Amino acid sequence: MPAGAARESRGSRVERWSFYAAFGVLGGAAVTLLAAPTVIVLITSFTSAYTLKFPPPGYSVRWYRALWESSPEIVAAAVLSLKVAAAATAIAVVLAVAAALALARQRAAWARILDSVFMSPLMLPLLALGLALLVLFSRLGVELSLTTLVIGHVALTAPYILRTTTASYVQLDPTLLECARALGARPWFAFRTVTLPLIAPGIAAGAFIAFMASFDNVAISLFLSDARSEVLPIRLWNIIESSLDVRAAAVSGVLIGATAVLALVMERIVGLSRHVR
Amino acid sequence: MTRGGPRLAEAWQLVLPLTLFFVVFVFAPLGLLGLVSAYNEPELRTMGLAQYAKFFGDAFNVNILVQTLSLALKTTLLAIAIGYPLAYLYTLAPRRLQRVLLLVIVLPLLTSAVVRTFAWIVILGRLGIVNSALQTLGWIDAPLTLLYTPTAVVVALAQIEMPLMVLPVITALTNIDPNLTQASAVLGAGRWRTFWAVTLPLSIPGLLAGCLLVFAAAASAFVTQTLIGGGRHMFMPVYIYQQAIQVYNYPFAATLAVILLVSVLAVVTVVNVLGHRSRGFVHG
Amino acid sequence: MGVTLDRVTHRYGGTLAVDDVSLSVQPGALIVLLGPSGCGKTTLLRIIAGLLGQSAGRAVIGDQVVDALPPNERGAGIVFQNYALFPHMTVAANVAYGLRARGAGRAAAADAVERMLRLVRMETLATRYPRELSGGQQQRVALARTLAVSPRVLLLDEPFGALDKNLRLDMQIEVKRLQRELDITTIMVTHDQSEALSMADRIAVMNRGRIEQFATPEEIYDAPATPFVAAFVGTTNLLRGRLAAAREGFRVELDGGGALWLREAAPCAGEGEVMVVVRPEQFRLDPEGVEGLAATVRMVLPHGPFIIYELSLADGTALKVTAGRGGVAHRPGPGDAVRAALVPGARVPVFPA
């Protein structure tokens, strides 16, 4: 008996198309909105004019050159930011990885509470913490310095490393460690040869995100910087507020470019995208 | 009992360093902040609640708090409107495109708030792209002042904090068992019904997580509030900075900080409680 | 309503998940797709449901070619291995879902829900949530939800895999009863051969994307069409040898020593190298040691109602023979020499080697 071909009802087809169209348009608009400002800044940084006119009347690399040749204070600020970020991240890695190992598989209430406490800097206004630390140091009679700045940054970087390390550690099959112990490996040996290599990508991803967060931070640095030293984001802010110098666009361009390159490198090495959700 | 994890004695040792750090450099300072807020005058002579009375007694002050929280709320709602469709689009994309999309979403989070805010200054400035476009289209003669308006702050903040909404929603959407949407389809539901009845409800925990992150970030977004809001619109963060660093009135600044902290914490707690109730359904 | 698959092929990446499969299911029949994991049975099920689009061929439900229809318009019903109950809806809301999706009003849907829940004997749990139910209860709700929309064909994807053994048997009976009562065409996927043998009207044994045999359980068991089917279903002894015609039938000279006489040789009747498939229960031990193949007992394994003897032939080839518990006066033990002869009238498939 010959069978006739059934066709999708008109209602179903319209319904399906409207669904994909709606999300396609909204989602596409969202991606554009997400990326457009960055692209616009990059384009503006290559302007030949002295203003931030968009579209630029002409293109040149003069602002990047100005940055490179005649902006020692900007370069100094960048170096300071790098130092602070590196120091804070290094300390935070040691503290947070240890804590992650202790808390990751604990179900007890105290562990859950500690975990929330350690993650709180991600949620609460860092501004308040910056002020609080300033008050603490001034009451203790401690002068503001690189050290006090780094301390503030450790508080802000630790949660990122804790989060990714915990996620990595939780995904580790506990049977692997049990096998290692059953085969005679002592705890530190098992940690070094089994656990650490397997959670290293998670730690690295967290450290990278933490480093960038410290480098970019304004709130804590605002309260804990002393008069002599300025971190890059604050220097950039000053440039923008005071003179609206087009060098700000060049600085932004360099920062965006460097971040993008580093992000791609981290994606290649440790699969960054796997650790951000 | 923990499988594969350190024994309790070892766990204590591992977690001690960070705990000590947090006690000394997070709790102690915050406690001190609360203490300082309880002084009646900037010279820190007598204790009392004069600062709080001063805050709540003056409509100007309360208004600043209201403006800040309302800004955070509006930003959150806008972030949902643009962020959710993006997260859903991610789930429809092929695997390779998903990796790219994720990096595009994460990159802004890795760049400084100053840079991201600067981008909006370029866009909304008198010589920026919006004004150029409007003038080219002939809709206006002279450039508009788009910066320094409350709307500009909301829009800029929503775009800047969007990734914080998108990431948790993506996580929630990808955790939904594909069999559920397939079962819905075979039972006769079209795409829209499946979305409203199955996908959206099951993604609510992620949505709430995103809302929390965006709300907290927007309330504390010092840089964007100041650069885009300008001097005309005052929010809590810049008020705190001003009182501490420019006026040296630490008790009042501390009071402001405590009030901001408590407000954000209150919202976070309420939403978390709601979140736990809805989570029960998802992990059915 | 019957289901027909006409030369369906599905390519996934570089591999052929389904290879030129044609199948015709009678209306009201319960057929089982049986095979090892990766054989394409679940892929086929999803193609029928419309969740997967095949690379070639046609799928027909009733007298309609359904390839162009999306899953929500095919009139099929599918129950997944993990039941896929909506966790945020009550049992009643779950069962009502399909009806509401098709535009039924609350009252009409509520009536249907009550009827369906009574059918699967879950009417007291209508206000519960899926996480409060046991595995068996969840499955019954999943069935009720699917049957509520009166599908033309019922598709079951390894439905009993997640249940423990005793519950499995009960649910198999339950599903068979429902299927008969509603007279609904059912296609079930499983890798469990005893399940297939007990439930199916006909079984399609699949291997690597192809159907090796589509027949009743008896035929699958007694007259397997290929060595794969013979080996997959039930336990078997695969014996190699040479086939030659003989008086009143055929004679197979076994490589392992000894010979078997067969009245008929099927599917292969040509002389030459062959493989003979004998089931353990088709051998009987002759303790007097006169008739049959010479073998030594290696192990004796009591197995509930019968005993499995692990023997070895002259050249070491292993032979499994089952015998009932009672009746044998002297039970052979390990190391004994015995003879294994074919039970009279045994149908023994012969395949070209």
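Predicted model: local features only at pLDDT ≥ 70, side-chain atom pairs only at ≥ 80, totals over all residues.
Two strands pair if DSSP finds at least two bridges between them. Five bridges join β9(C) to strand β10 (residues 210–215) of chain C, and the two run antiparallel. Within this pairing, C:Ala204 has C:Phe214 of β10(C) as its bridge partner. Two residues separate the strands in the hairpin of β9(C) and β10(C), where C:Arg208 takes a positive phi near 50°.

Strand β3 (residues 30–34) of chain C is joined to β9(C) by four bridges, and here the strands run parallel. C:Val32 stands opposite C:Ile203 of β9(C). The burial of β9(C) is complete on both faces. C:Arg202, C:Ala204 and C:Met206 are buried on one side, and C:Ile203, C:Val205 and C:Asn207 are buried on the other. Because six of its six residues are buried, β9(C) is largely enclosed by the rest of the structure.

The largest nonpolar core holds 180 residues. Those touching the most other members are A:Ala96, A:Ala99, A:Leu131, A:Ile161 and B:Ala257. Helix α3 (residues 72–103) of chain A supplies the largest share of this core, 18 residues. Another core lies apart from it and has 85 residues, including C:Cys39, C:Leu99, C:Met116 and C:Val189. Beyond its neighbours within four places in sequence, A:Ala99 contacts A:Phe118 and A:Leu162, as well as B:Leu14, B:Val15 and B:Leu18.

Chains A and B share an interface in which 81 residues of chain B are in contact with 76 residues of chain A. Helix α1 (residues 8–36) of chain B gives the largest share of the chain B side, 16 residues. By class, that side has 63 nonpolar, 14 polar and four charged residues.

Chain B also touches chain C, with 18 residues of chain B in contact with 21 residues of chain C. On the chain B side, the elements giving two or more residues are α8 (178–186), α9 (191–202) and α13 (250–282). The largest share, six residues, comes from α8(B). This side divides into 11 nonpolar, five polar and two charged residues.

Helix α7 (residues 150–174) of chain B is mostly covered, with 21 of its 25 residues buried. The helix bends by about 45° at B:Glu161, and a proline, B:Pro163, follows within four residues. At 1.5 Å a residue, the 25 residues of α7(B) should span 36 Å; the end C-alpha atoms are 35 Å apart, which agrees.

Terms used. Residues numbered from 1 in each chain as written. Chains lettered and ligands numbered in written order. Core = buried A, V, L, I, M, F, W, Y, C linked by C-beta atoms within 7 Å. Buried ≥ 20, exposed ≤ 12 C-beta atoms within 10 Å, placed from the backbone. Contact = placed C-beta atoms within 7 Å. Nonpolar A, V, L, I, M, F, W, Y, C, P; charged D, E, K, R; others polar. Expected span 1.5 Å × (residues − 1). Bend = angle between axes of the 7 residues up to and from the residue.
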